[in-house]
Amino acid sequence: MKFRELSIDEYKKFIKNYKNSNFFQDNRMDNYSKLKGYISYYVGVEENESVVAAARLLAKKSKFGKYNFSSPRGLLVDYNNFELLEFFVNNLKKYIKTKNGLVLKIDPYIIYKSRDIEGNETKEINNFNIVNNLKKLGFIHGGFTRGYDLSGQGRWYFVLDLENKSLDDIQKGMKANHRNIIRKAEKYGVEIKQIEYNDLPTFKHITEDTSARIGFSDKSLVYYQTMYDSFKDEVKYLIAYLNVDKYKEKLKEELEINQNKYRLLSDTTTGKAKELKITIDGLIKRLDESNHLKEKQIPISCAMFMLYNGEVDYLFSGSLSEYKNLYAQYLIQWHMIKYAIENNYKKYNFFGISGIFDKKDSEYGVYEFKKGFGGVVEELIGDFYLPTSILYKIKRIIKDRRIYENRHSK
């Protein structure tokens, strides 16, 4: 076996044929990474004149004057082949040292334990041995964490298997409430459109509004534009628009139906009558508000998707709070699930959840929303850190000591 740097063409050929490739390891991600000050390297292992393992490495200068290295969702290697893994890791460590590296962080997309839709462990997958293999080679495990970590890609995902599934199969697996909400959104004039480059500022406006409201950091407009240019047809930006005329028409129809029900009541003091009156008043208010809308179409929700290696990945989204009762995000997801089925994608990845399955948890709603479409929880093996300099070890000791002192000073 031989460790060496790879040309872009060599790397592209390898990742194209690698079964578990992901867009984080795609060389086109460099178009954005370099804007953030990262340097990219491509390395691999060659055996019998073929590349058998590879990685996209990112390096950024730290305050120590050395470089922090990472391989997002890498390395691309058979983690169960210890001989190959050991050779690759040992040579990576030497290579990174020559580049004045401090540490290498990896977060492979490898399931730790398989789980069902409720988050309960199942027996199909257990990759504890891979965690041990990485530890044996000098990696420090970041732990089996729960909750959202905005500094990385997260450890808990929710996914929907589409292989050999029809739309009918998927619908049957969805919660009845989700199906009803999707139909309601369609009836009230919510329409989904794939947007072009010039519409990205509108997309950004929605995500920015959402991030400010819920306290999450948003990606920059440059990120959305760069990803659009880099991945072309493999990235999709969708916006849900409200068709104002259809919306008004539906409100009038609903108002008339409920007013007729109210007129037929012999006793307007009952609980049923009071509920109808509240519904009627709400519809009148919404209709009055809609009559002041000047636009024919209003952008109310959006989402970004990556189409890569047989998988649809749901990355970012946003919704305007004043139109939350139209549930446009449900319709966007259903639109993309239908697209995935029709174009033979095998997996629909809803991406991150907290991994906390307590209904009292503040982030439970995100999991509940994704869970309603059917699928299973994926628990990944987590983050691993390979020190390549004594400075990192000293930094780690200081950090751990501070954490210990903070815990025991309370």
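Q: Before we start, what counts as a salt bridge here?
A: A salt bridge is a side-chain nitrogen of Lys or Arg within 4 Å of a carboxyl oxygen of Asp or Glu. Keep in mind that this is a predicted model.

Q: Okay, which residue does K246 form a salt bridge with?
A: K246 pairs with E191. Their closest N and O atoms are 3.1 Å apart.

Q: Where do K246 and E191 sit in the chain?
A: K246 is in helix α9 (residues 244-263), and E191 is in strand β10 (residues 190-194). They are 55 residues apart, so the pair links distant parts of the chain.

Q: Is K246 buried or partly exposed?
A: Partly exposed, because the relative accessible area of K246 is 43%.

Q: How many salt bridges does the count come to?
A: The count comes to 24 salt bridges.

Q: What about D26 and R28?
A: Their side chains meet in a salt bridge, at 3.0 Å from N to O. D26 counts as buried because its relative accessibility is 3%. R28 is partly exposed, with a relative accessible area of 23%.

Q: And K204 with E208, how do they meet?
A: In a salt bridge too, with 4.0 Å from N to O. They are four residues apart in helix α7, so about one helical turn separates them. K204 counts as buried, at 12% relative accessibility. E208 counts as partly exposed, at 43%. Elsewhere, salt bridges that share partners join K113, R115, E121, R155 and E379 into one network.

Q: New topic. How do α6 and α11 cross?
A: The axes of α6 (residues 176-187) and α11 (residues 328-342) cross at roughly 100° and come within 8 Å. An angle from 65 to 115 degrees counts as roughly perpendicular, so α6 and α11 are roughly perpendicular to each other.

Q: Which residues make the contact?
A: From α6, H178, I181, I182, A185 and E186. From α11, Y330, L331 and W334.

Q: Which residues form a nonpolar patch on the surface?
A: Y148, I214 and F216, with about 260 Å² of accessible area together. F216 lies in the loop between α7 (200-214) and α8 (221-231). F216 counts as partly exposed because its relative accessibility is 31%.

Q: Now zoom out. How many helices and strands are there?
A: The protein has 13 helices and 16 strands. Its C-alpha trace spans about 85 × 50 × 40 Å along its principal axes.

Q: What share of the residues is buried?
A: Of the 410 residues, 46% count as buried. The protein exposes about 21600 Å², and carbon and sulfur atoms supply 48% of that.

Note on methods:
Residues are numbered from 1 along each chain as its sequence is written. This is a predicted model: local features need pLDDT of at least 70, side-chain atom pairs count only at pLDDT 80 or more; totals for chains, interfaces and linings use all residues. Side-chain values use heavy atoms; hydrogens and water are left out. Patches are made of residues with over 30% relative accessible area and no salt bridge: like charges are joined within 9 Å, nonpolar side chains (Val, Leu, Ile, Met, Phe, Trp, Tyr) within 5 Å. Accessible areas come from the Shrake-Rupley method with a 1.4 Å probe; for residues, only the protein chains shown count as cover. Helices (H or I, at least four residues) and strands (E, at least two) are DSSP runs, numbered from the N terminus. Buried means under 20% relative accessible area, exposed over 50%, partly exposed in between (1.4 Å probe, protein chains only). Axes are lines fitted to C-alpha atoms, for helices over the stretch in contact, and angles run from 0 to 180 degrees between N-to-C directions. Angles under 35 degrees count as roughly parallel, over 145 as roughly antiparallel, 65 to 115 as roughly perpendicular and the rest as oblique. Contact means heavy atoms within 4.5 Å.
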